[in-house]
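The structure is shown first, and the description follows.

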Amino acid sequence: MNKLVLICIDGATWDVIDPMINSGALPNFSDLKKQGAYGDFMSMENKLISPVIWMSIATGKVPEKHGIKDFFSSEADLKSLRFWEILAQRGFSYGLYNFFHVYPPDKNSAFCIPGVLAPGAATYPENAGFLKKIREERKRGVNFGTASMLQFGVSALKQGLRFDTALRIAGLLSSLKTGNNSFKDRYPIEKIMELYISTDHFCYLMRKTKPDISVFYENGADLISHYFWEEWETNGSNRKGNVCKYYEQVDRSIGLILQNVPDNANVFLVSDHGFQGIDKGARMLLMKTEKLLDVLGVSDRIYGMNVGYKCYLRAKDKNADGGLMKELEDKIGAIRFKEIDFPLIKLLRTSEHEIEFAFNQAELNLKLIADDKLIINENTEILAAGATFKAADILDLKPKQTGKHHEKGIFLAKGPHIKRGFKVERASVFDIAPTILRLMGIPAARDIDGKALTSILTDSFLRSTQEESIESYEAGSPVASRQEMTKDEEESVKERLRDMGYLS
Ligand SMILES: [Zn+2]
């Protein structure tokens, strides 16, 4: 049986890739496109939240069925089998690198390195300890320093870090100034180092354990795009900016991964969404969601997070009735700029379980143009929950993010059963899981929302195999009971979200 590799590049977009392919900067993306099928990859229509989308990619199902709602959902919320779990029932082996919601690490796997939201540092096999060290240091706010790099360098080399990569990392570190580096200097370098390490480690685990299915996830392209999109729009594809520099490293990683994959493997490369700039005319101020929940006195009962300039709130208690959300809706609606008695927040969507809102920028602009009164600065007074606060308490007045998600991700596939140079139309995030099942000779299930992308498959493959389907893989085989997050684990998830800019 042909092996299968799924490469997941969070936030990758053709808008960056195509011009870079044309200028010769992305040889591996270019080869994949020429040698396989490619096209847009349509994501969710609203709520472009990565863990939700990736779980639809892994299950082929809509979020209502798979159960993952946002960054605060955990393994306990999962209601569907991922494609590798379905394949494992038929005897296929799998290895998972950095994917969401695989914590505690899956001991049925060939290897399982839980992703960035994992509430703990455990890995399978357990000896990937150097990764734990990086994560723990980052959690404590320690950045990669020469000393800590040396400390885990030896074990990293034992776990597949190539000498060439170690030299590149040393080069990156020496490009940093001693002492304090600005976010702009430091952050892209940290992300590139993480990508170097994870790529080598993934290739090492794949070589060592040779699973039938290997999944690799990485989120640097997403995070770099959030923070440096404006720079990209200014520089274009001239390779100088941080976005282009990072994509060049993603391309290098793809090349290394492909070198470690047998020739007869089918390889998929997808992103969960694309990117676009935040309209400068309507540049939003960012709500400090965590602070806001404190001010409203609900942080023990409500999860809150930022995605771009939108904020999402939901009840921690799955069985909470709609009363709590109604109470919160009223409290949020009552927050006002004191001087002009004007609402601070615009509610975008409310339901019994969730509230989506943003800073009330557009209407505020109109109001300000009309009576030209208020200038928002850090001391501007805000009324909330019966008390007076300063704007800087609950608003980020100089938000760093200049890029936000859009609905169009990327799709690439190549392998012995996949057409060459074929442009696929209307591929969606729900189609990967059924396509993989079809390729591995496993029947589709009628409760999967996506369809196998048979248009990308060669005629000889389609002729030699049969399309079968069953009702469901979940009927009669409930997903193994999974644990709820503890208080400590919840705090750890929040720390990671703050680190990634998803919690202000
Ligand atoms: Zn993002």
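## Basis of the description

Two strands are taken to pair if DSSP finds at least two bridges between them. The model described here is predicted. By the pairing criterion, β9 and strand β10 (residues 310-315) are partners, since six bridges join the two strands, which run antiparallel.

## Domain division

The chain is divided into domain 1, made up of 4-128 + 213-278 + 403-490, and domain 2, which covers 281-396. The C-alpha centres of domain 1 and domain 2 are 34 Å apart.

Contact between the domains involves eight residues of domain 1 and nine residues of domain 2. On the side of domain 1 that touches domain 2, four residues are nonpolar, one is polar and three are charged.

## The sheet β9-β10-β14-β13

Four strands in the order β9-β10-β14-β13 make up an open sheet with antiparallel pairing. The edge positions are held by β9 (302-307) and β13 (345-350); each has a single partner strand, so one side of each is left without a neighbour in the sheet. On average, neighbouring strands of this sheet are turned by 25° against each other, direction ignored.

Helix α13 (residues 322-333) lies across β9, β10, β13 and β14 (354-359), and runs at about 155° to β13.

## The sheet β12-β11-β15-β16

Another open sheet contains four strands in the order β12-β11-β15-β16, and its pairing is antiparallel. Its edge strands are β12 (342-343) and β16 (387-390), each of which pairs on one side only.

Strand β11 (residues 336-337) is joined to β12 by two bridges in the antiparallel sense. Here Arg 336 stands opposite Pro 343 of β12.

## Strand β19 and its partners

Strand β19 (residues 408-414) is mostly covered, with six of its seven residues buried. Strand β2 (residues 37-42) pairs with β19 in the antiparallel sense over six bridges; in this pairing, Met 42 has Lys 408 of β19 as its bridge partner.

Strand β6 (residues 266-270) also runs antiparallel to β19, and four bridges join the two. The bridge partner of Val 267 in β19 is Lys 414.

## Packing against helix α11

Helix α1 (residues 14-22) and helix α11 (residues 242-259) have axes that come within 11 Å and cross at roughly 75°. The two helices are therefore roughly perpendicular to each other. Val 16, Ile 17 and Met 20 of α1 make the contact with Val 243, Cys 244 and Tyr 247 of α11. By class, this contact of α1 with α11 has six nonpolar residues, no polar and no charged ones.

Helix α9 (residues 183-209) also packs with α11: the axes come within 10 Å and cross at roughly 5°, which makes α9 roughly parallel to α11. On the α9 side the contact is made by Pro 188, Lys 191, Ile 192, Leu 195, Thr 199, Phe 202 and Cys 203, and on the α11 side by Asn 242, Lys 245, Tyr 246, Gln 249, Ser 253, Leu 256 and Ile 257. The contact of α9 with α11 divides by class into eight nonpolar, four polar and two charged residues.

Definitions and conventions:
Residues numbered from 1 in each chain as written. Predicted model: local features only at pLDDT ≥ 70, side-chain atom pairs only at ≥ 80, totals over all residues. Axes fitted to C-alpha atoms, helices over the stretch in contact; angles between N-to-C directions. Contact = placed C-beta atoms within 7 Å. Parallel < 35°, antiparallel > 145°, perpendicular 65-115°, else oblique. Nonpolar A, V, L, I, M, F, W, Y, C, P; charged D, E, K, R; others polar. Buried ≥ 20, exposed ≤ 12 C-beta atoms within 10 Å, placed from the backbone. Domains from an automatic or database assignment.
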